[in-house]
Amino acid sequence: MADAADLTAHLVDLVDHHCHGILTADLDRPAFEGLMNEAVRAAPLGTTLFDSTLGWAIRRHCAPLLDLEPLVPADAYLARRTELGGAEVSRRLMGAAGIGTLLIDTGLGPDGLTPMDELAALCGGTAYEVVRLERLAERVLATGSRSFPGEVEDRLRAARKAGAVGAKSIAAYRVGLELPATKPSDDELRRALSRVDGRRLADRTVSSWLAHTAIEVGLPLQFHVGYGDSDLDLLDCDPLRLTAFLRATEERGVPVLLLHNWPYHRQAAYLAQVFDHVFMDLGLTTHNTGALSTGVLRETLELVPFGKLLFSSDAYGLAELYRLGALLFRRSMSTVLGELVASGDATSDDAAYVAALVGRENARRAYAL
Ligand SMILES: [Zn+2]
C-alpha cells in the first residue's frame, strides 16, 4: 500500500506552470500582510490576515525553515524574518520548495519583483516566460504603432522564438470570460481600439482578438479563471462562459489552460474532460486554503482526467507562497491518492504514476518543455 511518504517521493522536481516574481526586500507587517492574499487591505476592520488557513500554514510550515518552532505566533515569525533579512528568507523558502521548472507570468508589477533568472536560481531550477497578452497589447499601443495587429503578432512570434512557452489572458479581470467563438476581424478590432483606454485595455473585442491570435501563433494559452482580487467580478469568471471559445478552438490542438478556478474547479474539471485541449490547475487556491486544500483537490479529482491537471504555486510577492504551494500540493495529492490506494481503488503504482503526471509530466507535454 502506498502511504503519504511513498507518494511524496514521486512529487519531486515539480513543474510550476504558473507563478510570478517575489520581493526579496525586507517587509514590515503591513507590507507582508498586503501580499498574503487577494484582499485589498492587510488588516480588514481590525483583524489580521494571519487569522486564516493561510496564516496558520505560514506559521506551521514556514517557521521551521527560519529555525523556529512550528506555529510560533505571527509576531515572532515576522521578527525572525526581519532578523534574517528578506534575501536569506527567500533563499531558504524557495530552496526548500522542490520546484525544478518555473513558467513565469512576467506581466504583473510592481517594480522590484525578482527577474526570471533570479527566481530560477533561488529554486535551483529552470525558468521560462509566459507572455501576458493584455500587457503586451498595452505596450504596443503606447508605441503608437500604426499596425496594431501586425505588431502584436510579430511580438508574440518573437517571444516564442526567444523561448516563451505560453501566453496568458486576463480577460477575466477586464471583461469576464464570455469571449466570442470567432476571431474579430481587423475592422472590428480597429473600431474597438478607437474607443478604448489604451493604458488599461478592457474591451471584449480586443481580449478576444488577443486570445485567438495567441492560439494561431501556437502559444499554449492560459486564462485567469475564478478567484482573484476585487477588481474582477467573480460571477463573470465561471469557465463555463468560455465554452463557445473552447468549442471553436479545439481543432487547432493548442492547449488552453484554466488557472486557479476556485470556486469553479468542478466546472473546470468538466471542461478538461470534454475538450481535448483543455487543462486546469488550482493555483493560488492551494495556499489560500492551507490545510483544507485537500478538500479542493479531492473535488477536482472527481472528474478531471489525470492527464489534464497541472501543478502551480501561483506564488506572487512572498517566497512563503512558493514553499506552501509546493508543500500543500504534495500533501494533498499524497493524502487523496493514498486514500484511494488504501481503499483498494487503485494500486500504489497507479498513484505514483498519477503523482508524476500532475507534478510535472502533464506540464512538460502541454508546453512541449
Ligand atoms: Zn497568477
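Analyst: Begin with strand pairing: two strands pair if DSSP finds at least two bridges between them. Strands (E, at least two residues) and helices (H or I, at least four) are DSSP runs, numbered from the N terminus. Five bridges join strand 5 to strand 6, and the two run parallel.

User: What kind of model is this, and how are residues numbered?

Analyst: The model is predicted, so local features need pLDDT of at least 70, side-chain atom pairs count only at pLDDT 80 or more, and totals for chains, interfaces and linings use all residues. Residues are numbered from 1 along each chain as its sequence is written.

User: What is the order of the strands in the sheet?

Analyst: First the general idea. Strands of a sheet pair through backbone hydrogen bonds, either parallel or antiparallel. Here, seven strands form an open sheet in the order 1-2-3-4-5-6-7, with parallel pairing. Strand 1 (14-19) and strand 7 stand at the edges with a single partner strand each, so one side of each has no neighbour in the sheet. From one strand to the next, the twist averages 25°.

User: How many bridges join strand 2 and strand 3?

Analyst: Strand 2 (residues 99-105) pairs with strand 3 in the parallel sense over five bridges. There, Ile-104 has Glu-129 of strand 3 as its bridge partner. Strand 3 also pairs with strand 4 (residues 166-169), again in the parallel sense, over three bridges. Two partners in strand 4 can be named: Gly-166 for Val-130, and Ala-167 for Val-131.

User: Which strand lies on from strand 4?

Analyst: Strand 5. The two pair in the parallel sense over three bridges. Ser-169 has Phe-223 of strand 5 as its bridge partner.

User: Is Val-278 buried or exposed?

Analyst: Val-278 counts as buried, because it has 25 C-beta neighbours inside 10 Å. Its place is in strand 7. Contact means that two C-beta atoms, placed from the backbone, lie within 7 Å. Leaving aside neighbours within four places in sequence, Val-278 is in contact with Leu-246, Val-256, Leu-258, Leu-271, Ala-272 and Lys-308.

User: Which residues of helix 13 are buried?

Analyst: In helix 13 (residues 265-274), they are His-265, Gln-267, Ala-268, Ala-269, Leu-271 and Ala-272. These pack against strand 5 (221-225), helix 12 (243-249), strand 6 (256-260), strand 7 (278-280) and helix 15 (293-301).

User: At what angle do helix 7 and helix 8 pack?

Analyst: Axes are lines fitted to C-alpha atoms, for helices over the stretch in contact, and angles run from 0 to 180 degrees between N-to-C directions. Under 35 degrees is roughly parallel, over 145 roughly antiparallel, 65 to 115 roughly perpendicular, and the rest oblique. Helix 7 (residues 133-142) packs on helix 8 (residues 148-161) at about 130°, with the axes 10 Å apart. That makes helix 7 oblique to helix 8. Helix 7 contributes Leu-136, Ala-137, Val-140 and Leu-141 to the contact, and helix 8 contributes Phe-148, Glu-151, Val-152 and Arg-155.

User: Which residues of helix 10 meet helix 11?

Analyst: Glu-188, Leu-189, Ala-192 and Leu-193 in helix 10 meet Thr-205, Val-206 and Trp-209 in helix 11. The axes of helix 10 (residues 186-195) and helix 11 (residues 204-217) come within 8 Å and cross at roughly 135°. The two are therefore oblique to each other.

User: Last, the backbone. Which peptide bond is cis?

Analyst: The bond from Trp-262 to Pro-263 is cis, with omega near 0°. Pro-263 sits in the loop between strand 6 and helix 13. Leu-71 is not a glycine, yet its phi is positive, near 70°. Leu-71 belongs to the loop between helix 3 (53-62) and helix 4 (74-84). With 13 other C-beta atoms within 10 Å, Leu-71 is partly exposed. Ala-368 is not a glycine either, and has a positive phi of about 50°. Ala-368 lies in the segment after helix 17 (348-367). It counts as exposed, with 9 C-beta neighbours inside 10 Å.

Conventions. A residue is buried if 20 or more other C-beta atoms lie within 10 Å of its own, exposed if 12 or fewer, and partly exposed in between; C-beta atoms are placed from the backbone.
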